[in-house]
Structures are given as structure tokens and as C-alpha cells.
There are 2 protein chains.
Amino acid sequence: MEKNRSDCPISCSLEVFGDKWSLLIIRDIMLRGKVSYGEFLESEEKIATNILANRLSVLEAEGILTKQVSPHNKSKYCYSLTPKGVDLLPIVIEIMDWGARYHKQCPRRELGKRIKKEKAMVIREYLDKLHRDARHAAL
Amino acid sequence: MEKNRSDCPISCSLEVFGDKWSLLIIRDIMLRGKVSYGEFLESEEKIATNILANRLSVLEAEGILTKQVSPHNKSKYCYSLTPKGVDLLPIVIEIMDWGARYHKQCPRRELGKRIKKEKAMVIREYLDKLHRDARHAAL
DNA sequence: ATTAGCACTTGCAAAATGCAAGCAAATATA
DNA sequence: TATATTTGCTTGCATTTTGCAAGTGCTAAT
């Protein structure tokens, strides 16, 4: 683990995921149920292959994701969130809420509308589900 | 305003502040009461002068910050948050909480301990104060 | 055996970051 | 008044990261 810019938790966190792509990958796993490299590549933001590979590698090294060979196909990997990764959910939801409020070109869809109405409940709900999934993936 | 990668609110938000520095500047204003270019330069993370100037310019163009000449010194500028900027607080607090929980080298100080105990209340308290400050700065 | 799927890797160009010196206007000091 | 300091950038250059698109090697399907 390299030397940090400071001991501020915000700074240390931004050193991990303060870029334009990492939290998008986390979003794909948390909110869209994506699990594989190929699925992440298909997202509408069109991440570059080398950036995706690098981000996944860093997130895995940071203990946010784990990577397992698919049960159906030995050349395919499935990524899943660790508990540490799951706990990024409130950040992702807050970013989503802020974005929906201040970006006209980002209309709220179903989930966004629920978040507007009952944010805390949505967060708890997803945290429970994702933490359950994380425990299951660890088996 | 340029073309976005997608209409996902998370993606649009990350296009604005998804970098290693922007939210640190927001932190300095929100949590440390810093207001000037020179003060931001002094933070322990040591942002480069050209990066600071560029980030401030972008955040201002995005309507997150406003910049005014200091009342005491015509060569000095004071930055303050707009309501849009203030509403980044929950994101900053969630990042801080996550960082404190998962980074051993980032011990919780007074505010971090309060956040651990009563996050929602801290957020509401700071939102109220910062929104009041934002209204005052607009005069 | 051939083709397709899969997860990267690679070579290169463009863009961003980081370092440190420089610049011009305003203010403070001698 | 002249000089020094403060202030907020800007600039030149080297390094790093991002983005594009082709390439590679292993596994699976036909």
C-alpha cells in the first residue's frame, strides 16, 4: 500500500475511487446486477478495455471486489462486492440523488423516484440485499 | 455544456467531480472554512497550482462555487458554495464515513466520531448552516 | 478443425497531472 | 517614492493517465 497524500479519510477514499470510472463499475454491480468484464464493457458510457481492466484490478487489490471463475465457463470471470465494497452504496446513492436533482439531462427513473421519496429506506434495503449477496459470494 | 457519456445521474455527476481533487476543495470549504486560493494550496494534500486553478474554474462554471473579490483586498478572491454546491455535503460525509471505517491510517477525529454516532443529524446541521451561508454569500 | 467467446494486452495519440519557475496587479514596507 | 511582499494565476516541460483500436492466448461451441 502506497504512501497517502494525507490522513484525511476523504482524501484516502478519493485516492481509491476518485476517478471517472470506478464508481460506475460499482454502480453496474450494485444497481444493474452486472458481474462480468464483458457486461461492464457494454454500459452506455463505453469504458475503454485497458481502463476497465486496470480499474477492476485496483478495486480488487483494495478489497472492494472479488473475482471468481464462472461456474459455467472457465474463461469467464464473475466479479462481486465485498462487504467493504457494499458499503460504498450510500455514496453511490447520494451521488445519484444529487445528479438527478441538478442535471436536467438525467431524468429520474423508477429507482431515482424512490430515492427522492424515501432515500434512507432504499439504502437500507439495498445494503441488506447486497450484504447478503456478498456473504453468499464468499462461499 | 458538453455532450454527456450517458443520461445516468451518477455518470453525469462523476463527469463533474469524479477526480482526485474536486471534492477535496469542496471539503476545505465545507468542513474547514477555507475560502481562498492560497488557503486551498496549503492543504496537506498539496494540490498543484495549475490543477487548483482549473478545478476552481470548472466548479464555478458548473454552478457549484461562486467567486467574489475579498472585501479587504482587491487582489484576493473568496470562494463560496452555491446551494448546488452545498448539496454535495451528504456525498462528502458518506465518503468520509466510509474512509474512516476502511482506512486504518485515517483515524476518526471529533467530527468523524460524531458522524459515526449520529450521521443524519450531523448532515442536517451542516446543511442548514451551509445553506444559510450560501444565502448570505449571495447578497 | 474452425469459429466464436472471453479477458485482457499492446502500441500509439491525446489529454490530464505534477513540478517549479514566471508574470502582473494589488498591497505592505522601508 | 521605491522596493518588497502578497495574490492568483499562467507557463514550459516531463510524467502519467486516458482513449482508440488492433492483437493475443485460452476456453467453448459448432
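## Interface of chains A and B

Contact here means heavy atoms within 4.5 Å. On that basis, 46 residues of chain A touch 45 residues of chain B in this predicted model. The two chains bury about 4200 Å² between them, buried area being the accessible area (1.4 Å probe) lost when two parts are put together, summed over both. Carbon and sulfur atoms carry 66% of that area.

The prediction sets limits: local features need pLDDT of at least 70 and side-chain atom pairs count only at pLDDT 80 or more, while totals for chains, interfaces and linings use all residues. Side-chain values use heavy atoms, without hydrogens and water, residues are numbered from 1 along each chain as its sequence is written, and chains are lettered from A and ligands numbered from 1 in the order in which they are written.

B:Asp7 forms a salt bridge with A:Arg109, with 2.9 Å between the closest N and O atoms.

On the side of chain A that touches chain B, the elements giving two or more residues are α1 (9-17), α2 (22-32), α5 (83-86) and α6 (89-102) of chain A. Helices (H or I, at least four residues) and strands (E, at least two) are DSSP runs, numbered from the N terminus. The largest share comes from α6(A), with 11 residues. By class, this side has 24 nonpolar, 8 polar and 14 charged residues; Ala, Val, Leu, Ile, Met, Phe, Trp, Tyr, Cys and Pro count as nonpolar, Asp, Glu, Lys and Arg as charged, and the others, Gly among them, as polar.

## Largest pocket

A pocket is an open set of points on a 1 Å grid over the protein atoms alone, where a 1.4 Å probe fits, with protein on both sides within 12 Å along at least five of seven lines; lining residues have an atom within 4 Å of a point. The largest pocket holds about 540 Å³ of space. It has 20 lining residues, and A:Glu94, A:Lys119, B:Glu94, B:Ala120 and B:Ile123 are the closest to its centre. The lining comprises 9 nonpolar, no polar and 11 charged residues.

## Second largest pocket

The second largest pocket has a volume of about 390 Å³. Among its 20 lining residues, B:Val35, B:Tyr79, B:Ser80, B:Asp133 and B:Ala137 lie nearest the centre. α7(B) gives the most to this lining, with 7 residues. The lining of this pocket divides into 13 nonpolar, 4 polar and 3 charged residues.

Conventions: A salt bridge is a side-chain nitrogen of Lys or Arg within 4 Å of a carboxyl oxygen of Asp or Glu. Grid points are joined across faces, edges and corners, and a volume is the space filled by probe spheres set on the points.
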